[in-house]
Amino acid sequence: MSKHPSSRFILFFGFMISALIAHGCGRSLISDFSDRFEEDASDGSTSLECEELDCDDGLFCNGVEICVDGECQPGEAPRCNDGIACTFDSCSEEEGACVFEPSDALCEPGERCEPGFGCIRESCTVDADCDDGRICNGAERCEDERCVPGDPMVCDDGIECTIDHCDEGIGGCIHVPDHSRCDDGNFCNGESACDPDVGCVTGAPPDCDDGVACTIDSCDPDRNACVNIGPDADGDGFIDAECGGNDCDDGDPAVHPDATEDCSNGVDDDCDGLIDCLDPDCAPDPACGCIPSPEVCGDGIDNDCDGLTDCDDPDCAMDPACVCIPSPEICGDGIDNDCDGLVDCDDPDCEGDAACCVPQPEACGNRVDDDCDGLIDCEDPDCSEDFRCRDCLTFELCAWDIDANCNGLYGCDDPDCFGDPACCEATESSCSDGIDNDCNGLVDCADPACASDPVCCTTSETSCTDGVDNDCDGLVDCADPDCSGNPACCAPSETSCTDGVDNDCDGLVDCADPDCSSDPACSTGGGPFCLPFEVACLGTFLDLDCDGLYGCDDPDCAWSPLC
């Protein structure tokens, strides 16, 4: 939508007030924010803690910076697109807003560009002359033989949680529920949702009953999860094994999985099911008759009786069983494949993996595959009767991050939105996703922005005139030896007598080319300069390696196609 002068003044005034506030908080618009990493006086270390204000660089057009896990992260640049073909859309730091400048030159003859509406006829006799065929911008009128814009259709339905929008495709207003507007952030209150007829409605609280009679079931709003706690009668921090825990004796605080095995008390102290000398932990104990032998890495036994087992023993430091070679994490094999100290579902790499999914009833509208069937929200048949999945459009609304067509994909993630101006990025952000990310009509490797991406590299230079380093070796077109002999790269004569390239494409390389006869690299003191091997394989008049054999008669030329 184009800004009128009064609107621009208000935005500029607001921007200046923001600058004064930032200055009042100890920041200026040219601050580099380096002081957000403050030195800890106690040990000289630096703190990565930050707050939202610390991260703001004072610029509008690069988005709002945020603080994530104590570190500042860049914001998302505003998408300045008013959807009107006759305006030039840009982002203005001076005004702190998107600016849409109308241009009559982009309209047909006899039309002008009206901000907020588009091209309309300049002159008219009746209202019908001014009709632009669009519904949402209102009915244009003819006043004093000049077309004036109509009043845009008002689509406000009075429901705060719906996105009210006029859509030319369906010929009127649509009201799409945005369930995120109803979310109070409290898991224990149940899942709130937007009913397009009445507004926000609260769902049923989560059922936290785990079906185990001896557990205390509750909902923890801080953890956003159900908590099922079993009894810990001896207070050692471990739940009674009879109630799903792993404490084999809930009456003795000295007995639990973290306890050290006493090798002579007749008790399974560490709850591994093995008592005294039957427990491998007791293998080095003299009472159990440990006989030192070389450590075997991986057998779970302290073979050398030093109290250290397998990879904990320095003797195993270089054993293949104890040396981690990073590879992609495989979720469910019990191995730390990527060597980050996290195994299987504890590793963030496994987030969303079926092996780590704990089935729960599908909640419709939270973007999570709760029941682990591979289907999310309205895509899951379990949600077919949910009102959020009944009032579906046949297309996605790309400007909002919602699932308007109920296919489980939100906003710009929906294929319906690929190429939509609202979803265009500044450049091709991925060179292998099959999407025209920057909406320039070029996909993946066909886009020049992907020229140096490894997935787009070829084994050799495929074109010597396209200005692209096709094989990603740092050499472009004729600078790449792959283009030697290509007509586009031929020079009138040999330009170098020492580069191993046939610069003028006459079949003669370096000193073999008569063009190099006077080059110092090809003669010494006026006499012959012998090369270590023959390079003049065309004709029988040059013997550059001085072995008395000319052209193809020299075995050095066996490789040459000319021979």
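This note sets out some points on a predicted model of a protein.

1. Confidence. The mean pLDDT of the protein is 79, and 70 or more is reached by 87% of its residues. Where pLDDT is low, the predicted coordinates should not be read in detail.

2. Overall make-up. The secondary structure comprises two helices and 16 strands. Of the 563 residues in the protein, 33% are buried. The accessible surface is about 32600 Å², and carbon and sulfur atoms account for 54% of this area. Among contacts in the protein with a separation of 6 or more, 18% are between residues 24 or more positions apart.

3. Nonpolar cores. The largest nonpolar core has nine residues: Cys 497, Cys 511, Ala 512, Cys 516, Cys 522, Leu 531, Val 535, Ala 536 and Leu 544.

4. Gly 235. This residue lies in the loop between β14 (225-229) and β15 (523-524). Is Gly 235 buried or exposed? Its relative accessible area is 58%, and exposed means over 50%, so Gly 235 counts as exposed. Asp 252 is 17 residues from Gly 235 in sequence, and their C-alpha atoms are 8.9 Å apart in space.

Methods:
Residues are numbered from 1 along each chain as its sequence is written. This is a predicted model: local features need pLDDT of at least 70, side-chain atom pairs count only at pLDDT 80 or more; totals for chains, interfaces and linings use all residues. Side-chain values use heavy atoms; hydrogens and water are left out. pLDDT is the predictor's confidence in each residue, from 0 to 100. A nonpolar core is a set of buried Ala, Val, Leu, Ile, Met, Phe, Trp, Tyr and Cys residues joined through side-chain atoms within 4.5 Å. Buried means under 20% relative accessible area, exposed over 50%, partly exposed in between (1.4 Å probe, protein chains only). Helices (H or I, at least four residues) and strands (E, at least two) are DSSP runs, numbered from the N terminus. Contact means heavy atoms within 4.5 Å. Accessible areas come from the Shrake-Rupley method with a 1.4 Å probe; for residues, only the protein chains shown count as cover.
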